[in-house]
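The structure comes before the details.

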Amino acid sequence: MLSKYRCWWRDAVIYQVYVRSFLDSTGDGIGDLAGVRAGLPYLKKLGVDGIWLSPFYPSPQHDHGYDVADYCGVDPLFGDLAEFDLLVTAARRLGIKVLLDIVPNHCSSEHPWFREALAAAPGSPARARFHFADGRGPDGTEPPNNWHAMFGGPAWTRVTEADGRPGQWYLHMFTPEQPDWNWREPEVAAEFDRVLRFWLDRGVDGFRIDVAAGLYKHPELPDSPDPEADARTRDSVNPLAWNQPEVHDVWRHWRAVCEEYTAHDGRERLLVGEVSVPTAREHAEYVRPDELHQAFFFDLLGAPWNADAFRKVISEAMQDIAGTGSTVTWVLNNHDQVRTVTRYGEPATEGSGLGATRARAAALLMLALPGAAYIYQGEELGLPEVVDLPDDVLTDPIFRRTGSRARIRDGCRVPLPWSGQASPFGFTSGAESAKPWLPQPSYFAEYATDRALADTRSFWHLYRDGLQLRAALPQLGEGTLRWLDAPPGVLAFVRGDDLVCAVNFGTAPTPAPVSGTPLLSSGPCPAGVLPGSTAAWWISDGTDL
């Protein structure tokens with residue numbers, strides 16, 4: 001059922017903080033929680049409603065914290081629980097919500113329960129918390145099934161038993177250092193109840209749920225007809241490993257836990273899922289009124305720069321997802337994807353600025369859509385993907401496991417530039433500060449936040465102005481949209497009775513759908529004209545509609 005409390009999340013704009021790359025307060029070259037706290041005034045000035053923190057839990061960092069060894073602590077790399085509490089307090093003082101990234105599909109191979117499982121015998125309760133199985137073939141030398149991990153290679157690793165002999169195999173849909181939990185074991189569900197309550201008791205406003213379509217596997221773990229689909233697409237494609245029907249019971253229970261806390265103090269908690277499923281209709285099943293509040297709608301992120309493609313994914317989302325009573329959660333960037341400035345560029349026009357121009361237009365489009373929006377750090381600076389990192393600095397486990405640079409994620413995780421003309425660009429502090437954990441290119445000087453704030457034509461000001469208008473105008477945020485007739489290659493829609501957003505996906509100018517000067521535009525936009533690769537907002541007097 002819909003909550004009787006004020007649902008702040010329905011049209012919120014959340015800023016994703018990739019903690020190790022945001023701001024380093026200690027000079028070791030790695031961002032930390034104190035750095036996030038120091039950056040809160042910057043985020044308040046930008047105008048976001050909340051932040052989502054990437055994992056900062058104790059971890060051997062094989063996958064930058066998505067291999068969790070202790071779900072109720074802080075890795076010394078990032079601070080401690082006292083610093084976390086200071087961050088939450090400071091954020092609340094500024095009116096900024098705090099969401100944590102929780103990883104329930106898998107843990108670290110150094111998690112105490114997995115170490116216990118390795119030491120235990122086959123068939124033991126300790127092994128039941130994970131997916132241990134006997135191998136196939138002579139002496140069990142072949143994996144239990146043919147599944148491949150998303151990051152490359154088999155999804156199974158064989159263990160050495162206590163007597164020194166080769167033994168059972170365990171399942172890991174990502175890396176061997178990330179064994180999958182077995183959610184058919186009640187102890188696992190009970191442990192995550194404890195984890196949720198630990199952080200809710202510390203004042204967090206909700207959770208971003210990693211791999212929210214995961215958790216349950218087909219109970220018989222059969223062979224897949226396309227075992228390499230996940231690795232080929234770098235997505236949750238294997239229907240035997242993802243999107244099993246039982247997962248919805250987990251989200252119903254987690255929703256009830258959040259509602260329990262909300263009933264106690266009136267503060268609405270949020271569950272937003274990383275849900276990768278084939279269709280918008282399946283996506284909608286995760287945001288039914290008693291399940292997740294929201295789930296990222298990745299179809300917009302994956303759409304090519306094409307008016308028909310954008311209209312199709314927006315229409316499907318509005319029909320299938322908004323129809324559940326939830327709101328669509330729009331996203332153009334995150335820590336796993338090539339940044340829009342690079343993604344929207346074209347090799348033939350490299351250096352022309354076309355990717356940046358399109359990224360600015362996409363930002364205004366997203367902020368005009370009904371529902372919530374998530375901004376990945378650096379998106380507001382117009383940062384491009386760093387595509388030429390040398391092999392010897394790459395840390396992505398995809399590269400380590402495959403030797404291929406295809407779809408590696410380091411390029412969007414390079415630490416932010418804050419100030420100055422040379423690396424570390426204010427990212428690290430202290431005269432003897434270490435180099436950033438990933439090298440920053442010299443051209444990051446053009447994107448530093450001090451320069452962006454001083455230049456009213458910058459990406460930062462476009463985002464800030466868009467967020468201010470979004471907060472001030474009742475037509476924006478939650479609600480519906482109505483499509484307007486537009487020339488080929490142009491999308492135009494109206495929010496409320498009179499706010500029009502139009503995007504020209506082409507390169508040639510077209511007549512604007514509304515006369516007069518725009519309220520806000522992604523680039524120069526004379527009255528009566530909508531230039532190519534440009535988005536604009538107008539308030540119409542009604543004669544144009």
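## Overall dimensions

For 545 residues, a compact globule would have a radius of gyration near 24 Å, and the protein chain agrees with this at 24 Å. The radius of gyration is taken over C-alpha atoms, and the globule rule is 2.2 Å times the number of residues to the power 0.38. Along its principal axes, the C-alpha trace spans about 80 × 55 × 50 Å.

The model is predicted: local features need pLDDT of at least 70, side-chain atom pairs count only at pLDDT 80 or more, and totals for chains, interfaces and linings use all residues. Residues are numbered from 1 along each chain as its sequence is written, and side-chain values use heavy atoms, with hydrogens and water left out.

## Secondary structure and burial

The protein chain has 16 helices and 18 strands. These are DSSP runs numbered from the N terminus (helices H or I, at least four residues; strands E, at least two).

Of the 545 residues, 60% are buried (under 20% relative accessible area; exposed is over 50% and partly exposed in between, with a 1.4 Å probe and protein chains only). Contacts are heavy atoms within 4.5 Å. Among those between residues at least 6 apart in sequence, 68% join residues at least 24 apart.

## Packing of α2 and α3

Helix α2 (residues 33-46) packs on helix α3 (residues 81-93) at an angle of about 15 degrees, and their axes are 9 Å apart. Axes are lines fitted to C-alpha atoms, for helices over the stretch in contact, and angles run from 0 to 180 degrees between N-to-C directions.

On the α2 side, L33, A34, V36, R37 and L40 take part; they meet E83, F84, L86, L87, A90 and A91 of α3. The residues of this contact comprise 9 nonpolar, no polar and 2 charged. Ala, Val, Leu, Ile, Met, Phe, Trp, Tyr, Cys and Pro count as nonpolar, Asp, Glu, Lys and Arg as charged, and the others, Gly among them, as polar.

## Backbone details in loops

S423 and P424 are joined by a cis peptide bond with omega of about 15 degrees. P424 lies in the loop between α14 (397-402) and α15 (449-454).

Q61, not a glycine, has a positive phi near 65 degrees. The loop between β2 (50-53) and α3 holds Q61, which is buried at 15% relative accessible area. L215 also has a positive phi, about 75 degrees, without being a glycine. L215 sits in the loop between β7 (206-209) and α7 (229-233) and counts as buried at 0% relative accessibility.
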